[in-house]
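Subject: Structure handover and findings

Dear colleague,

Please find the structure below for your records. I would be grateful if you could read the notes that accompany it.

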Amino acid sequence: MPPAAVSAATAAAAAALPSPSHRRVPAAKSVWINPNLSASHPLHHRHKSAAELQQRQHEDRTIDVAALVAAISAARTAADVASALAPHRPVSGRLLGALLSRIPDPRRGVALLDLVAPDLPPPALLIPYNLLLRSACRAGDLRLASGILLEMRDRGGVSPDAFSYSTLLAALTRAGHLDHALTFLPLMEDDTVAPDLILFSNLIHLALRGGDAPKALALFSRLRAAGIKPDLKAYNAAVAAYCKSGLLRDAKRLLLHDMPADGVAPDAESYSPVLAALARRGRHLAAVSLFTHMRAVARVRPDLSVFNIVLSAYGQLDLAREADRLFWNMRRAGVAPSVVTYNTMLRVYGDAGLFGEAVHLFDLMRNSASGGNGGAGSSVKPNVVTYNTMIAIYGKSLEDEKAGSLVQDMQANGVQPNAITYSTILSIWMKAGKLDRAAKLFEKLREAGTEIDPVLYQTMVVAYERAGLVSQAKRLLRDLKDPEGITKETAITILASAGRVEEAAFLFRRAANTGEIKDSSVHRAMMDLFAKNRRHRNVIEVFDEMRKLGHLPDSETIATAMNAYGKLKEFDKAAALYQAMREEGCVFSDRVHFQMISLLGAQKDFEALETLVGELSHDPSIDKRELYLVAAGIYERAYKFDKASHIISQIRSSNGLDVQKFR
């Protein structure tokens with residue numbers, strides 16, 4: 001770890017804590033410091049022989065520790081604590097540990113430690129400090145706990161060990177303070193304390209739960225760089241993070257190659273995010289193939305989430321009968337269908353035009369809700385998604401009246417319509433030519449203060465425009481510039497999705513100036529909008545704003561920013577961004593690497609290009625064939641035909657290059 005990185009991390013940790021004194025004692029701790037205790041205390045430099053220590057340990061066994069703890073707990077000032085301990089001074093490390101482990105209030109523990117610390121040599125203070133640190137974490141006083149660990153680092157003769165760091169970081173991760181926890185990792189390296197697998201796994205899972213997949217991948221890379229062998233939990237978190245970052249090939253590499261190579265057997269949780277990512281990309285046949293491999297080759301039993309994903313994939317492949325067979329055989333496989341499963345099957349039936357099967361399954365669910373048998377022992381009750389799906393099915397079958405009556409039915413059964421319900425109804429009525437009815441419903445919803453989500457707004461904007469009611473559409477867009485009832489982040493997302501550049505840019509700048517944008521997805525939406533409209537300078541401005549807020553961008557966001565730098569001919573800034581993100585531990589897709597190679601080619605910097613290609617050729621996650629094809633294309637455009645021809649000939653020769661073909 002470079003000294004600058006350690007210094008930056010230390011500064012970040014200190015910034016989250018109160019201002020340090022000469023011993024860097026937090027304000028929360030200073031209230032218990034005895035102001036009369038100084039380095040000139042008569043016991044400060046007292047040295048004890050081995051015989052004295054042995055005698056003290058013998059005397060400790062005769063002390064009524066419970067009574068002493070009660071006296072310390074009842075103390076009002078540091079002087080009261082000193083008075084209670086006076087008969088037992090000098091205090092041994094054993095007695096101090098017994099007291100600290102029994103005193104529930106960590107602040108009284110701080111007062112006790114400050115009082116008796118001069119009785120013990122500095123190395124003997126490690127265990128008392130760790131006990132006090134554990135007490136502060138259990139009490140939820142993480143500010144105090146952080147200050148205690150920093151004080152250990154600054155105190156001569158004692159420094160935090162693995163227990164100290166793991167205790168604090170585990171408490172911080174459980175409390176959701178990921179950024180604060182990460183500031184201590186460089187300090188661990190500075191103290192030569194190696195993080196363990198459990199600590200890394202907790203940090204990775206916390207980053208993933210917080211929706212920060214790039215940070216989770218950076219931590220996983222750091223885990224492997226530290227020589228720690230990931231377990232199933234860490235691998236599953238990394239696979240999920242790769243999938244969330246759109247790095248599907250890397251996720252498949254972990255699942256199908258790295259995990260078996262490390263002797264880690266994947267489970268259903270390992271396959272689930274990859275199957276979901278394939279489905280999101282529309283690669284439904286690949287998802288079904290992986291599902292077959294999972295059952296037949298890996299011998300992994302699918303769980304509920306896997307079944308739901310595969311049922312949806314069958315539907316997208318127009319294999320409704322196969323989905324139907326799998327659905328009714330789930331219980332035989334030991335997995336009970338959930339309401340999500342039923343909703344998926346309703347959608348499959350609807351997409352396949354099997355309206356009769358959809359109505360039958362829906363009736364089974366409603367009978368279950370009213371106390372009847374829902375089929376095959378089911379007790380699944382319809383929810384708002386169920387009703388929304390059935391409303392959409394009625395719309396496809398041009399039964400708009402049945403769709404409208406279903407809204408009343410769901411309310412009668414205690415299921416409240418949401419924005420998607422109303423959006424679906426509005427779309428159905430507009431297709432049926434009932435625009436007046438749709439407009440009245442929309443205005444009624446706004447007057448009633450119903451939450452209006454982006455889908456509902458966009459539905460009405462599109463409806464007005466298609467009907468030629470341009471003035472009404474513009475009025476809705478003007479309302480979004482000064483939104484009421486919805487957040488500015490939502491309004492910006494609506495405008496960006498609708499392609500309204502000026503309106504979205506105006507609202508984004510105003511919200512950014514007032515600090516109202518916290519979600520990084522808003523920044524990504526604006527960057528995509530500006531990029532589509534070739535406003536590359538604005539792309540960079542939004543990216544810089546995103547970085548100021550401390551967000552770690554994902555691979556696609558970095559690619560968009562680098563593309564903008566390239567269009568602006570600011571190649572040095574693109575290279576600096578690429579290098580900085582690599583140093584921060586961002587995991588790139590091939591697109592980012594190839595984009596950097598292309599930018600180097602545009603600069604005619606072939607020496608740097610060859611160096612980068614050489615580095616990437618040793619990266620197992622890079623598609624080698626694509627890498628060399630990109631390099632060959634650059635040489636060809638630069639009229640270096642001999643070089644391009646040489647690379648192509650090596651690609652064609654199986655002996656010339658190790659061309660990786662991983663799809």
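This is a predicted model: local features need pLDDT of at least 70, side-chain atom pairs count only at pLDDT 80 or more; totals for chains, interfaces and linings use all residues.

Residues are numbered from 1 along each chain as its sequence is written, and side-chain values use heavy atoms, with hydrogens and water left out.

Helix α33 covers residues 555-567; helices here are DSSP runs of H or I with at least four residues, numbered from the N terminus. From first C-alpha to last, the 13 residues of α33 reach 18 Å, close to the expected 18 Å (the expected span being 1.5 Å times one less than the number of residues). Ten of the 13 residues in α33 are buried (under 20% relative accessible area, with a 1.4 Å probe and protein chains only). Among them are Ser-555, Ile-558, Met-562 and Tyr-565. The cover over the buried residues of α33 includes α31 (520-532), α32 (536-548), α34 (571-583) and α35 (590-602). Just after α33, Lys-569 has a positive phi of about 65°.

The second largest pocket holds about 420 Å³ of space. A pocket is an open set of points on a 1 Å grid over the protein atoms alone, with protein on both sides within 12 Å along at least five of seven lines; lining residues have an atom within 4 Å of a point. Grid points are joined across faces, edges and corners, and the volume is the space filled by probe spheres set on the points. This pocket is lined by 23 residues, of which Gly-210, Gly-211, Asp-212, Ala-213 and Ser-520 are the closest to its centre. At least two lining residues come from each of α11 (178-182), α13 (197-209), α14 (213-225) and α31, and α14 gives the most, with three.

Thr-341 lies in helix α21 (residues 339-351) and is buried, at a relative accessible area of 0%. Beyond its neighbours within four places in sequence, Thr-341 is in contact (heavy atoms within 4.5 Å) with Leu-304, Asn-308, Leu-311, Phe-327 and Met-330.

Cys-137 is buried at 10% relative accessibility, and Cys-243 is buried at 6%. The whole structure has zero disulfides (pairs of cysteine sulfur atoms within 2.5 Å).

Yours sincerely

Notes:
Buried means under 20% relative accessible area, exposed over 50%, partly exposed in between (1.4 Å probe, protein chains only). On a 1 Å grid over the protein atoms alone, a cavity is a set of points where a 1.4 Å probe fits but cannot get out, and a pocket is an open set with protein on both sides within 12 Å along at least five of seven lines; lining residues have an atom within 4 Å of a point.
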